[in-house]
Structures are given as C-alpha cells and as structure tokens.
Amino acid sequence: MSEELYNKAKVFIQQCYSELGKTEDEKTQRLIYIQDEIQKYNHYEHTFEELEYGAKAAWRNSNRCIGRLFWDSLNVFDYRHLDHSKDIKDALVHHLDYATNGGKIRSTISIFKPKTNGETPVRIWNHQLLRYAGYEEDGRVIGDPASVEFTTKCKELGWRGEGTSFDILPWVIQVHGQEPTLFEVPKDHVLEVPLRHPEYDWFQELNLKWYGVPIISDMKLEVGGIEYVAAPFNGWYMETEIGARNLADEFRYNMLPTVGEYLGYNVRRNASLWKDRALIELNTAVLHSFKEDGVSIVDHHSAAQQFHLFEQKESACGRDVTGDWTWLIPPISPASTHIFHSSYDDTMHSPNYFYQDKPYE
Ligand code: HEM
Ligand SMILES: N/C(=N/c1cccc(CO[C@@H]2CCNC2)c1)c1cccs1
C-alpha cells in the first residue's frame with residue numbers, strides 16, 4: 001500500500017517541482033521527507049504550494065471541461081485544518097461570497113481534510129452547493145427532477161422546503177462518519193438571475209430563473225495519491241448548460257414545449273423545427289439576462305474559441321491536450337465549433353477530478 005502511495009507521490013512531486021522551477025536538490029530533499037512520512041503514517045501532507053498546483057493541474061487535466069484556458073487562475077482556499085461542521089459551513093459561505101463577487105465570478109476551490117488510511121474526515125453530500133429541490137408527489141415533480149433523490153434524503157434528515165419550483169437545497173455536511181448536519185443556505189448570499197428575453201415580453205411570464213454560480217461539491221480531487229473527497233469548486237456557466245439542458249431536458253424542467261407554443265409553433269409537427277427555435281430563444285434569454293445583471297457567463301461559441309486557445313497554449317508548452325469529445329462539443333450547434341471537427345485523446349492524467357461513491361444510499 002505505502003509503496004504504491006510513494007510512487008504516486010514521486011511522480012507528482014517530480015512534475016510539480018519541474019513546472020514550478022525548483023532545483024533538483026529541492027526535489028530530492030522533499031522526496032526523502034515524504035518517503036519518511038509515508039513509512040511512518042502511510043500518508044503525507046502537501047505544502048500549500050503543492051496543493052495549489054495540484055488543484056490547477058487537475059483542472060487542466062479535466063478532459064470534459066471546455067473552460068480550461070483559465071486553469072492557472074484558479075483561487076485555492078486551504079481548509080485542511082477544519083474538523084467541525086459549523087466551521088466547514090462558515091468556510092462554504094466564504095467560498096460562496098468570494099466566488100460570487102457581486103456577479104464577477106472568480107473560479108475558486110475550497111479544499112478540506114483528505115482521506116487518510118481509509119478514514120473519511122469530511123464529506124459534502126450535495127452535488128452542487130447551489131441546486132434546486134425536486135419534490136415528487138403522485139408521479140408529478142415540482143422543481144428539479146434531478147434533485148428528487150437528494151431532496152428525499154434531506155427530508156428524511158428533517159429538512160422542509162417551501163415547495164416552490166426553485167427552492168435552494170440545504171448543505172448536508174458529514175464529519176468523521178457521524179450523522180450529517182444540515183444548514184440552510186443564507187438566501188442573501190445566493191445570487192439568482194430571473195430570465196427574460198430581449199425581444200419577447202411574454203418570456204418573463206414563464207417565471208424562470210437560475211442561480212448564478214455552479215459549485216460542484218461531490219467530486220474527488222486526487223493529487224499525488226492523496227484523495228481530497230471534499231473539495232468544492234466553481235467556475236461560471238456556459239449558457240447551454242442552463243438553456244439547453246437544465247431547463248430543456250424532458251427529465252429536467254422540460255420547458256421546450258411551453259416556449260415553442262409561446263413562439264406560436266405547432267409543437268406536434270417536428271418539421272417546423274419548433275424544438276430548435278425554442279432552444280435558441282431559451283439560450284438567448286439566458287445570455288441576455290445574465291449579461292444584463294452583470295453575472296459572468298460564456299456563450300458556447302466563445303467558450304469553444306477559448307478552448308482552441310487553450311489547445312494552442314498547451315502545445316506551445318510541450319504538453320499534450322487530452323479531452324472527451326462527447327462532452328466537449330456543446331449541446332446546440334455543435335458542428336459550428338472547431339471541437340466537433342477535431343478528435344481528442346481521452347487518457348486521464350493525474351492530478352484530476354473524479355466521480356466518487358455517494359456517501360449515502
Ligand atoms: C471558469 C469557467 C468554466 C466553464 C465555463 C466550464 C465549463 C464546463 C462545462 C460546460 C462542462 C460540462 C458540464 C456538463 O455538461 O454537465 C464542464 C465540465 C467539467 N469542468 Fe469545467 N468549466 C469551468 C471551470 C471549471 C473549474 C474551475 C473546474 C475545476 C477546478 C472545472 C472542472 C470541470 C470538470 C471536472 C468537469 C467534468 C464534470 C463531470 O465529469 O461530470 N471546470 N466544464
Ligand atoms: N460551468 C460548470 N459546469 C459544470 C462543471 C462540472 C460538472 C457539471 C455538472 O455535471 C453534472 C453531472 C453530469 N452532468 C451534469 C457542470 C462548472 C461547475 C463548477 C466549475 S465550472
């Protein structure tokens with residue numbers, strides 16, 4: 001076990017220290033110290049510099065991410081010293097405020113105590129720190145169908161929502177395998193964007209909105225063999241995530257038929273391309289509303305161009321770009337981007353962000 005950990009640590013330190021321009025002697029000294037730590041504890045602790053580089057490199061290695069041009073500007077908060085759920089909650093509020101920044105979103109990650117020898121000190125049960133509840137009654141869903149399972153779990157743990165289609169779910173924080181603690185997200189810290197359309201006044205009558213900052217809180221950050229199982233990270237949205245998936249998928253808010261009808265189309269005739277028109281207007285409304293409210297967002301054409309720049313910068317640095325084509329192409333007008341006409345090696349390099357088992361069933 002510790003041999004395997006040392007090998008991962010060695011590969012990481014060599015890559016990290018080379019990129020950070022450290023001397024061979026610094027590298028050697030550090031590896032001797034780590035080898036001793038692993039011998040004694042079957043674990044080793046990253047310096048902040050190593051942790052910061054690891055989180056950035058993990059983003060750079062995220063094959064499914066179109067937003068990687070900005071990998072080196074990630075803001076890293078080190079919360080490895082926190083043990084109590086109240087302090088962790090306060091750290092998450094600080095992350096939310098810092099990342100939101102009045103709408104000028106800052107890419108940020110908060111890193112809590114990692115797993116050691118099979119012991120899990122902190123888990124966040126939420127998929128994202130901000131997400132809407134889904135209530136299932138008699139086969140119908142109010143809110144986000146994708147949240148039904150987690151909403152049910154929250155209710156089992158004593159939470160009660162208002163029952164609207166846009167209730168922000170509580171934070172569920174578990175420390176040292178104990179019973180999780182639930183915290184209501186302070187509403188005045190949640191920036192939301194009501195959706196309206198630049199040309200169609202009827203659009204606001206749909207009473208749609210979305211939260212401004214996507215903060216993934218259920219993925220594991222792996223750096224040099226150390227598993228940070230609680231490491232929530234945020235960027236800003238690409239508009240298609242909201243307009244072509246969250247509000248459009250039949251198994252999500254399923255808004256396309258409604259938008260298609262308001263647009264005056266016969267939604268029972270595919271060849272009218274009503275679904276495509278509805279998609280474009282829904283995404284137009286998302287972009288217009290976020291921009292008018294000064295909340296960071298990127299359209300899928302600009303995001304693809306930024307990704308092209310990322311590819312060029314990476315090869316200029318002598319690094320191979322890896323990617324997952326099936327996720328990198330945007331869900332609308334994919335062939336209008338260079339990505340569609342390219343191919344990508346889906347090899348997963350470390351450090352990286354990984355899916356992990358849900359801490360609840
Ligand atoms: C700064 C703006 C960013 C934009 C516009 C962006 C955009 C995206 C999009 C559109 C996806 C696909 C999501 C989906 O289809 O559900 C994605 C995936 C991903 N992004 Fe980014 N991203 C950004 C920043 C970040 C940051 C800061 C990190 C981590 C530090 C990150 C890590 C990832 C990962 C790990 C995935 C794959 C998730 C999965 O496999 O489920 N991204 N990104
Ligand atoms: N814009 C974003 N989009 C996402 C990035 C990663 C994951 C997700 C959501 O993934 C869900 C699981 C699979 N599809 C939906 C969305 C970001 C979230 C956090 C940093 S950037």
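In helix 2, the residues K27, R30, L31, I34, E37 and I38 are buried. They share one side of the helix, because they cover an arc of only 125° around its axis. This is a predicted model.

**Helix 2**

- Helix 2 spans residues 24-41 and has 18 residues.
- From the first C-alpha to the last, helix 2 reaches 25 Å. That is close to the 26 Å expected at 1.5 Å a residue.
- Two exposed residues, Q39 and K40, sit on the face of helix 2 turned away from its buried side.
- The buried set of helix 2 includes K27, R30 and E37, along with L31, I34 and I38.

**Ligand 1**

- Ligand 1 is surrounded by 16 residues. The closest are W59, R64, C65, F233 and Y355.
- The shell around ligand 1 divides into 10 nonpolar, 4 polar and 2 charged residues.
- Y355 places a polar side-chain atom 2.6 Å from an oxygen atom of ligand 1.
- In the side chain of R64, an N or O atom is 3.1 Å from an oxygen atom of ligand 1.
- W59 faces a nitrogen atom of ligand 1 instead: a polar side-chain atom of W59 lies 3.4 Å from that nitrogen.

**Ligand 2**

- Which residues surround ligand 2? They are H127, P214, I216, F233, N234, G235, W236, Y237, E241, W327 and Y355.
- On its own, ligand 2 has 490 Å² of accessible area, and the protein covers 64% of it.
- The shell around ligand 2 splits into 7 nonpolar, 3 polar and 1 charged residue.
- E241 brings a polar side-chain atom to 2.6 Å from a nitrogen atom of ligand 2.
- W236 uses its backbone: a polar backbone atom of W236 is 2.9 Å from a nitrogen atom of ligand 2.

**Residues by both ligands**

**D357**

- D357 lies in the segment after strand 16, which covers residues 352-354.
- Is D357 buried or exposed? D357 counts as exposed because its relative accessibility is 68%, and the cut-off for exposed is over 50%.
- D357 and D249 are 108 residues apart in sequence. In space they are 25 Å apart, C-alpha to C-alpha.

Notes:
Residues are numbered from 1 along each chain as its sequence is written. Chains are lettered from A and ligands numbered from 1 in the order in which they are written. This is a predicted model: local features need pLDDT of at least 70, side-chain atom pairs count only at pLDDT 80 or more; totals for chains, interfaces and linings use all residues. Side-chain values use heavy atoms; hydrogens and water are left out. A residue is near a molecule or strand if one of its heavy atoms lies within 4 Å of it. A polar contact is a pair of N or O atoms within 3.5 Å; within protein, one must be able to donate a hydrogen and the other to accept it, and residues adjacent in sequence count only if both atoms are side-chain atoms. Accessible areas come from the Shrake-Rupley method with a 1.4 Å probe; for residues, only the protein chains shown count as cover. Ala, Val, Leu, Ile, Met, Phe, Trp, Tyr, Cys and Pro count as nonpolar, Asp, Glu, Lys and Arg as charged, and the others, Gly among them, as polar. Helices (H or I, at least four residues) and strands (E, at least two) are DSSP runs, numbered from the N terminus. The expected span of a helix is 1.5 Å times one less than its number of residues. Buried means under 20% relative accessible area, exposed over 50%, partly exposed in between (1.4 Å probe, protein chains only). The arc is that of the directions from the helix axis to the C-beta atoms.
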